[in-house]
Amino acid sequence: MITRSLPSPAQPLLPPSSKTLNPSRQNIIPSDSRKNPNFEPLKNRLIRQLDVGHLRHAISTLDLMTQQNAPPDLTTNSILLKSCIRFRNFQLGKLVHRKLIQSRLELDSVVLNTLISLYSKCGDVDTARSIFEGMGNRGDLVSWSAMVSCFANNILLYRMKYSWIGEIIYGSVLKTGYFEADVCVGCELIDMFAKSSGDLGSAYKVFEKMPERNLVTWTLMITRFAQLGCARDAINLFLDMELSGYAPDCFTYSSVLSVCTELGLLALGKQLHSRVIRFGLALDVCVGCSLVNMYAKCTADGLMNDSRKTFDQMPAHNVMSWTAIITVYVQSGERDKEAIELFFRMISGQIQPNQFSFSSVLKACGNLSDPYIGEHV
């Protein structure tokens, strides 16, 4: 795995206790829990508790299973770990891991991959990597994807400690053949370079080398270009995608419309607007928000009527669409009162504002010098 090709860093990457994270095969004992008549009823109770988010009750059931000589199997532990990740209760997830070590069960790749995800989500890259390395030949495509995601998602730590590792991971994935095996691995590598270190050059190199690309791959690369200040490259890549025969979806259009806004390409934006209407994508909230922003910001005075018309034609609104129209009204410099009215319409419709909604409406109150409304907000 990685350890076979990584140079030794100046500081050790693995914590001193990492050897206990994945018990050796010699210490493993089989489980006869399925023969116990209490096993299935307790397992079903645990799953029902997890379905409604009662994690601590599930842990109590886990302990009860052990006490009644019906210890949970790997499937039960895997479900429990995934629930801990889903509800972001990482401390309980770590507790389940400790109980797994104590159980001396032989952990399969499914459980180990879930553990990698658990420690990745809580920012513990060292432990995630030690589990990955301990898998040896049991590591599979999911393991590699989970580990690449781990580096991609822990951006600050990656930049501080692991900026040297990206190319080595890329080389290892190529060498093992996983790069050609699944398009998802290429997408994870693109994000590892683009999101973690802002290295669009390496991200694009991965994109070019991918033996197979799909709409998700093209859209991901376009979006990362757009987000990292390479707007014209995003437009060019969008045109290349269409020439390659791929039909854009709502996520592609949303990214490209945002680029049109940034570059002031109103004519292209209008063409794309016509196309999303023709293809039935104008009803998507993300596309609608991008259109609202484009019409408001693409010209010096803003096409506020077109922006509002686009907003009104959206069949359903969420906090994102409401915030978009409120923000462009405030930024126009002339419609602060209307922005405040829209804000109260939003909350009267049982939609909870977010920090961006509050920021925009409070700015509108400040522009109107109306502290009373500001205090009411």
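Author: What follows is a set of questions on the terms applied to this chain, with their answers.

Reader: What kind of model is this, and how are its residues numbered?

Author: This is a predicted model, in which local features need pLDDT of at least 70 and side-chain atom pairs count only at pLDDT 80 or more, whereas totals for chains, interfaces and linings use all residues. Residues are numbered from 1 along each chain as its sequence is written, and side-chain values use heavy atoms, with hydrogens and water left out.

Reader: How many helices and how many strands does the protein chain have?

Author: The protein chain has 22 helices and zero strands. Helices are DSSP runs of H or I with at least four residues, strands are runs of E with at least two, and both are numbered from the N terminus.

Reader: What share of the residues counts as buried?

Author: Of the 377 residues of the protein chain, 46% are buried. Buried means under 20% relative accessible area, exposed means over 50%, and partly exposed lies in between, with a 1.4 Å probe and protein chains only. The accessible surface of the chain is about 18700 Å², and carbon and sulfur atoms hold 53% of that area; the method is Shrake-Rupley with a 1.4 Å probe, and for residues only the protein chains shown count as cover.

Reader: How do you know that the length of helix 5 agrees with its number of residues?

Author: The expected span of a helix is 1.5 Å times one less than its number of residues. For the 13 residues of helix 5 (residues 109-121) this should give 18 Å, and the end C-alpha atoms are 18 Å apart, so the two agree. Buried residues of helix 5 include V111, L112, L115 and L118. After helix 5 comes G123, with a positive phi near 85 degrees.

Reader: What makes helix 6 largely enclosed by the rest of the structure?

Author: Nine of the 10 residues of helix 6 (residues 125-134) are buried, and the helix is therefore largely enclosed. Among them are V125, A128, I131 and F132, and also the residues D126, R129 and E133. G136 follows helix 6 and has a positive phi, near 60 degrees.

Reader: Why is helix 2 called roughly antiparallel to helix 3?

Author: Helix 2 (residues 55-67) and helix 3 (residues 74-86) pack at about 160 degrees, with their axes 11 Å apart. That angle makes helix 2 roughly antiparallel to helix 3. Angles over 145 degrees count as roughly antiparallel, under 35 as roughly parallel, 65 to 115 as roughly perpendicular and the rest as oblique. The axes are lines fitted to C-alpha atoms, for helices over the stretch in contact, and the angles run from 0 to 180 degrees between N-to-C directions. L55, A58, I59 and L62 in helix 2 meet N77, L80, S83 and C84 in helix 3, where contact means heavy atoms within 4.5 Å.

Reader: Why are helix 2 and helix 4 called roughly parallel?

Author: Helix 2 and helix 4 (residues 90-103) pack at an angle of about 10 degrees, with axes 11 Å apart. The pair is therefore roughly parallel. On the helix 2 side, L55, R56, I59, L62 and D63 meet L92, L95, V96 and K99 of helix 4.

Reader: Which term describes helix 15 and helix 17?

Author: Helix 15 (residues 250-263) and helix 17 (residues 285-297) pack at about 15 degrees, their axes 9 Å apart. They are therefore roughly parallel to each other. The contact includes Y253 and L257 of helix 15 and V287, L291 and M294 of helix 17.

Reader: Is N69 buried or exposed?

Author: N69 has a relative accessible area of 58%, and it is therefore exposed. N69 lies in the loop between helix 2 and helix 3, and its phi is positive, about 60 degrees, although it is not a glycine.

Reader: Why does R104 count as partly exposed?

Author: The relative accessibility of R104 is 37%, so R104 counts as partly exposed. R104 is in the loop between helix 4 and helix 5.

Reader: What makes L342 buried?

Author: L342 has a relative accessible area of 3%, so it is buried. L342 belongs to helix 20 (residues 336-348). Leaving aside neighbours within four places in sequence, L342 is in contact with R308, W322, I325, I326 and Y329.
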